[in-house]
Amino acid sequence: MTTVNDTPLDRLEHYYDSVPRAAARAEDFGPLTLFVREATGWPYYARPTLDWTGPAATAEDVERVRARQRELCVPEAFEWVAEVTPGLREVVEATGLRVHAHPLMIRDEDAPLPDPHPLVRVLDPEDPFLAGALAVPHVAFAAPGTAVGEAGTGELATEITARAAEVPAAADRIRVGRTVLAAAVENGAVVCSGMHLPIGRVSEIAGVGTLPAERRRGLAYGVTAALVADARERGVETLFLSAGDEDVARMYGRLGFRTVATALIAELAE
């Protein structure tokens, strides 16, 4: 059950419930809500229902949501904060899903702004590198971790072509201020990108990824720094993110983020 207070985690809970509603419909499953994207882009997930006061979710509730996700041909995925809904992990794992834990970090408001990176800029809706910035995370997340890999601009070109239809909707989101996209551009190609998604005074940094062939150059740090500076300019008071692992969390710590909780993501076991 979520308690209504003006705590950082409560602000995040309301944010998590608000963000998908701009591009998805919400389907009610009692203690769980399934968000179903109705436009192009990353698919959404199910999560605990905001301000739910009834019985806690059971394995049967999780199975009902999973059946609906299969019916819709969307990923069987759930996301929540461990400290807010502490009993859900055991219930979800009982249905056979694998749960991954990630440091949930909030930036200290009084942390100094980082210096800008010379390759990084915030993109406007007409930027010629918008398609590349949208495609980079897909290449990056296909090779998880921080080690240097082989995938580079060739794989990026393929991904840009495959996702061309997503560009107009992304440009519209940038235009109305729902998405802020930053990118590192070098030799005519995007090599790293990321975004933040402001709603009022709260925003999440998400999708920060570097082409595997360009890793270990401080590009993700530079992109995140640009997003931090932009969020500050927009009056964001609560800026947060979920780090991939403790190594990545240490990098974000250098930018003023500190771990406050644990973000959990459940998906099908490989």
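Predicted model: local features only at pLDDT ≥ 70, side-chain atom pairs only at ≥ 80, totals over all residues.

Biologist: How much of helix 4 is buried?

Modeller: Helix 4 is mostly covered, with 10 of its 12 residues buried. Buried means under 20% relative accessible area, exposed is over 50%, and partly exposed is in between, using a 1.4 Å probe and protein chains only. Helices here are DSSP runs of H or I with at least four residues, strands are runs of E with at least two, and both are numbered from the N terminus.

Biologist: Which residues of helix 4 are buried?

Modeller: Among them are Leu130, Leu134, Pro137 and Ala140.

Biologist: And what covers the buried residues of helix 4?

Modeller: The cover includes helix 5, helix 6 (167–175), strand 7 (180–186), strand 8 and strand 9.

Biologist: Take helix 5 then. At what angle do helix 4 and helix 5 pack?

Modeller: Helix 4 (residues 130–141) and helix 5 (residues 153–162) pack at about 115°, and their axes are 8 Å apart. The axes are lines fitted to C-alpha atoms, for helices over the stretch in contact, and angles run from 0 to 180 degrees between N-to-C directions.

Biologist: What do you call that arrangement of helix 4 and helix 5?

Modeller: Helix 4 and helix 5 are roughly perpendicular to each other.

Biologist: Which residues of helix 4 and helix 5 meet?

Modeller: On the helix 4 side there are Ala131, Gly132, Ala135, Val136, His138 and Val139, and they meet Glu155, Leu156, Glu159 and Ile160 in helix 5. Contact means heavy atoms within 4.5 Å. By class, the contact of helix 4 with helix 5 has 6 nonpolar, 2 polar and 2 charged residues. For the classes, Ala, Val, Leu, Ile, Met, Phe, Trp, Tyr, Cys and Pro are nonpolar, Asp, Glu, Lys and Arg are charged, and the others, Gly among them, are polar.

Biologist: OK, what about helix 6? How do the axes of helix 4 and helix 6 cross?

Modeller: The axes of helix 4 and helix 6 cross at roughly 100° and come within 10 Å. That makes helix 4 and helix 6 roughly perpendicular to each other. The contact involves Leu130, Ala131 and Leu134 of helix 4, with Val167, Ala170, Ala171 and Ile174 of helix 6. The residues of the contact of helix 4 with helix 6 divide into 7 nonpolar, no polar and no charged.

Biologist: Which strands does strand 9 pair with?

Modeller: Strand 8 (residues 189–199) runs antiparallel to strand 9, with 7 bridges, and Pro198 stands opposite Ser203 in strand 9. Strand 10 (residues 238–242) runs parallel to strand 9, with 3 bridges, and Glu204 stands opposite Phe240 in strand 10. Two strands pair if DSSP finds at least two bridges between them.

Biologist: What's going on in the hairpin of strand 8 and strand 9?

Modeller: That hairpin has 2 residues between the strands, and Gly200 takes a positive phi near 60°.

Biologist: And strand 11, how many bridges join strand 4 to it?

Modeller: Strand 4 (residues 78–81) and strand 11 (residues 257–267) run antiparallel and are joined by 4 bridges. Trp80 stands opposite Leu264 in strand 11. Strand 5 (residues 98–107) pairs with strand 11 over 10 bridges, again in the antiparallel sense, and His100 has Ile265 as its bridge partner in strand 11.

Biologist: Last one: where is Asp17, and what is Asp17 in contact with?

Modeller: Asp17 is in helix 1 (residues 8–18). Its relative accessibility is 11%, so Asp17 counts as buried. Leaving aside neighbours within four places in sequence, Asp17 is in contact with Phe35 and Leu50.

Note on methods. Residues numbered from 1 in each chain as written. Heavy atoms only, no water. Parallel < 35°, antiparallel > 145°, perpendicular 65-115°, else oblique.
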